[in-house]
Amino acid sequence: MDHEAPGYTDNKAALLSRLKRIEGQTRGLHRMIAQDKYCIDILTQVSATTKALEAVALTLLDEHLHHCVADAAAQGGPVADDKIAEASAAIARLVRS
């Protein structure tokens, strides 16, 4: 499938910064387990990391809908149908995760 420039290009720096923080959170989880920290404290951090990843996913989805799907919808026909199906499948994967 041919992909144009990603819709998140304008927010790339912010997304990379968020992912860097998430990377730090996962390293912190590793440390907590290595140091035998209390289970509930670890689970609290897992929840925070999960929420941070979900925020990244929702940002990417929003950008995709406003950029890629909107452009395809303007073209109409099979291009629009394909992009809408692709977006629906991505949403389904997010909801299941």
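Student: Helices here are DSSP runs of H or I, at least four residues, numbered from the N terminus. Which helix holds both Glu-54 and Lys-51?
Tutor: Helix α2. This is a predicted model, by the way. Glu-54 and Lys-51 sit three residues apart there, so about one helical turn separates them.

Student: What links Glu-54 to Lys-51?
Tutor: A salt bridge. Their closest N and O atoms are 3.7 Å apart, and the cut-off is 4 Å.

Student: Why does that spacing matter in a helix?
Tutor: An α-helix has 3.6 residues a turn, so residues three or four places apart point the same way. Side chains of opposite charge can then pair when their charged atoms come close.

Student: Is Lys-51 buried or exposed?
Tutor: Exposed, at 53% relative accessible area. Glu-54 counts as partly exposed, because its figure is 37%.

Student: How many salt bridges in total?
Tutor: Three. Another pairs Glu-23 with Arg-27, at 3.2 Å from N to O. Those two are four residues apart in helix α1, again about one helical turn.

Student: What are the relative accessible areas of Glu-23 and Arg-27?
Tutor: Glu-23 has 39%. Arg-27 has 45%. Glu-23 is partly exposed, and Arg-27 is partly exposed too.

Student: And what does Lys-83 pair with?
Tutor: Glu-86, with a salt bridge of 3.5 Å from N to O. The pair sits in helix α3, residues 77–96, three residues apart.

Student: Is Lys-83 buried or exposed?
Tutor: Buried. Its relative accessibility is 9%, and the limit for buried is under 20%. Glu-86 is partly exposed, at 26%.

Student: Switching to Glu-63. Where is it?
Tutor: In helix α2, which covers residues 39–75. Glu-63 is buried, yet it has no salt bridge.

Student: Which side chain of opposite charge is nearest to Glu-63?
Tutor: Arg-18, and it is 9.6 Å away.

Student: What does Glu-63 contact, then?
Tutor: Gly-7, Tyr-8, Asn-11 and Cys-68, leaving aside neighbours within four places in sequence.

Student: What about Leu-61, which residues does it touch?
Tutor: Ile-91 and Leu-94, not counting residues up to four places away. Leu-61 lies in helix α2. It is buried, with a relative accessible area of 14%.

Student: How far is the C-alpha of Leu-61 from that of Tyr-8?
Tutor: 9.2 Å, although they are 53 residues apart along the chain.

Student: Which residues of α1 are buried?
Tutor: Leu-15, Ile-22, Gly-28, Leu-29 and Met-32. The buried residues of α1 pack against α2.

Student: Last topic: which residues form the nonpolar patch on the surface?
Tutor: Leu-16, Leu-19 and Leu-53. Together they have about 260 Å² of accessible area. Leu-53 is found in helix α2.

Student: Why can Leu-53 be called partly exposed?
Tutor: Because its relative accessibility is 43%. Partly exposed runs between the buried limit, under 20%, and the exposed limit, over 50%.

Terms used
Residues are numbered from 1 along each chain as its sequence is written. This is a predicted model: local features need pLDDT of at least 70, side-chain atom pairs count only at pLDDT 80 or more; totals for chains, interfaces and linings use all residues. Side-chain values use heavy atoms; hydrogens and water are left out. Buried means under 20% relative accessible area, exposed over 50%, partly exposed in between (1.4 Å probe, protein chains only). Lys and Arg count as positive and Asp and Glu as negative; His and the chain ends are not counted. Contact means heavy atoms within 4.5 Å. Patches are made of residues with over 30% relative accessible area and no salt bridge: like charges are joined within 9 Å, nonpolar side chains (Val, Leu, Ile, Met, Phe, Trp, Tyr) within 5 Å. Accessible areas come from the Shrake-Rupley method with a 1.4 Å probe; for residues, only the protein chains shown count as cover.
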